[in-house]
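These are my notebook entries on one protein model. I set down in turn what I looked up and what I found.

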Amino acid sequence: MEKILIHACCAHCLGKTLAGLKSEPVAYTPVVFWNNPNIHPLIEYRRRLKAVKMLVERAKLPLIADETYGLVEFCRAVHGHEAAPERCARCYALRLGRAAQAARAAGCRRFTSTLATSRHQDHALIRAAGEAAGAAAGVEFLYRDWREAVADEHLVAMLYHQQYCGCVFSEHDRFKDTSTHLWPVP
Ligand code: SF4
């Protein structure tokens, strides 16, 4: 079986990615990789990491995790490019660049990302960033459109499901038009 490294940024998308990989002609042994300096604030970061750890334990998969909270690093990477899609292109490059290097270090010839399961992401940019990162590290980025993949419900049952992409910009975009108040208005 061929090892493949999966860059994972949330449990539910990891479940979809594992389902997508099962439909591939190659039988893969997944190695899960966590490195997501784009997820803010800290408590949200911890919730998503915890959910990924729980799924990995359920699926009995190996996990390589860089648990550094990378807020400053992310801000530096997108500084001057805060509007999407430029911000997202830099975000993908940052994370997939790390994933490609980790794949090489782990002895995986290929790597992929849970980003490819999302209906909210820019798939052309993901593919371009993944292929560039793979070429730089000497590994191959496996791009598939897994937006319709369905996770095994036993793997993802009761796991935390986030409500926005990850960065503070996406949190603002998600909630800016809501009228929810933290405290009752007098
Ligand atoms: S919206 Fe998502 S992909 Fe885009 S910069 Fe923020 S965390 Fe990264």
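**Entry 1: the whole chain.** I note at the outset that this is a predicted model. I counted the elements and found 7 helices and 5 strands in the protein. Read from the N terminus, their order is β-α-β-α-β-α-α-β-α-β-α-α. I then looked up the radius of gyration, which is 16 Å; the globule rule gives a close 16 Å for 186 residues, so the protein is as compact as a globular protein of that length. The C-alpha trace spans about 65 × 40 × 30 Å along its principal axes. Of the 186 residues, 41% are buried. I also looked at contacts between residues at least 6 apart in sequence, and 81% of these join residues at least 24 apart.

**Entry 2: the sheet.** In what order do the strands of the sheet stand? I found an open sheet of 5 strands, ordered E3-E2-E1-E4-E5 and paired in parallel. Strand E3 (63–65) and strand E5 (140–141) are at the edges; each has a single partner strand, so one side of each has no neighbour in the sheet. I recall that strands of a sheet pair through backbone hydrogen bonds, either parallel or antiparallel.

I next examined one pair in detail. Strand E1 (residues 2–7) pairs with strand E2 (residues 28–34) in the parallel sense, over 6 bridges. Within this pair, Lys3 stands opposite Thr29 in E2, and Ile6 stands opposite Val32 in E2. Is E2 enclosed or open to the outside? I found that 5 of the 7 residues of E2 are buried, so this strand is largely enclosed by the rest of the structure.

**Entry 3: helices on the sheet.** I looked for helices that lie against these strands. Helix H1 (residues 11–22) lies across E1, E2 and strand E4 (110–113), and it runs at about 160° to E2. Helix H4 (residues 86–105) also packs on the sheet, where it touches E1, E2, E3 and E4. The direction of H4 makes about 155° with that of E1.

**Entry 4: helix H5.** I checked the length of helix H5 (residues 123–137) against expectation. Which residues of H5 are buried? They are Ile126, Ala129, Gly130, Ala133, Gly134 and Ala137. These residues cover an arc of only 130° around the axis, which puts them on the same side of H5. The general rule is that an α-helix has 3.6 residues a turn, so residues three or four places apart point the same way. The buried residues of H5 are covered by parts that include H4, E4 and E5. On the face turned away from the buried side I found the exposed residues Ala124 and Ala135. Just after H5, Gly138 takes a positive phi of about 80°.

**Entry 5: Asp152.** I located Asp152 in the loop between E5 and helix H6 (153–156). Is Asp152 buried or partly exposed? Asp152 has 15 other C-beta atoms within 10 Å, which makes it partly exposed. Setting aside neighbours within four places in sequence, I found Asp152 in contact with Gly15 and Ala19. Finally, I looked up its separation from Gly166, 14 residues apart along the chain, and the two C-alpha atoms are separated by 24 Å.

Notes
Residues are numbered from 1 along each chain as its sequence is written. This is a predicted model: local features need pLDDT of at least 70, side-chain atom pairs count only at pLDDT 80 or more; totals for chains, interfaces and linings use all residues. Two strands pair if DSSP finds at least two bridges between them. Helices (H or I, at least four residues) and strands (E, at least two) are DSSP runs, numbered from the N terminus. Two residues are in contact if their C-beta atoms, placed from the backbone, lie within 7 Å. Axes are lines fitted to C-alpha atoms, for helices over the stretch in contact, and angles run from 0 to 180 degrees between N-to-C directions. A residue is buried if 20 or more other C-beta atoms lie within 10 Å of its own, exposed if 12 or fewer, and partly exposed in between; C-beta atoms are placed from the backbone. The arc is that of the directions from the helix axis to the C-beta atoms. The radius of gyration is taken over C-alpha atoms; the globule rule is 2.2 Å times the number of residues to the power 0.38.
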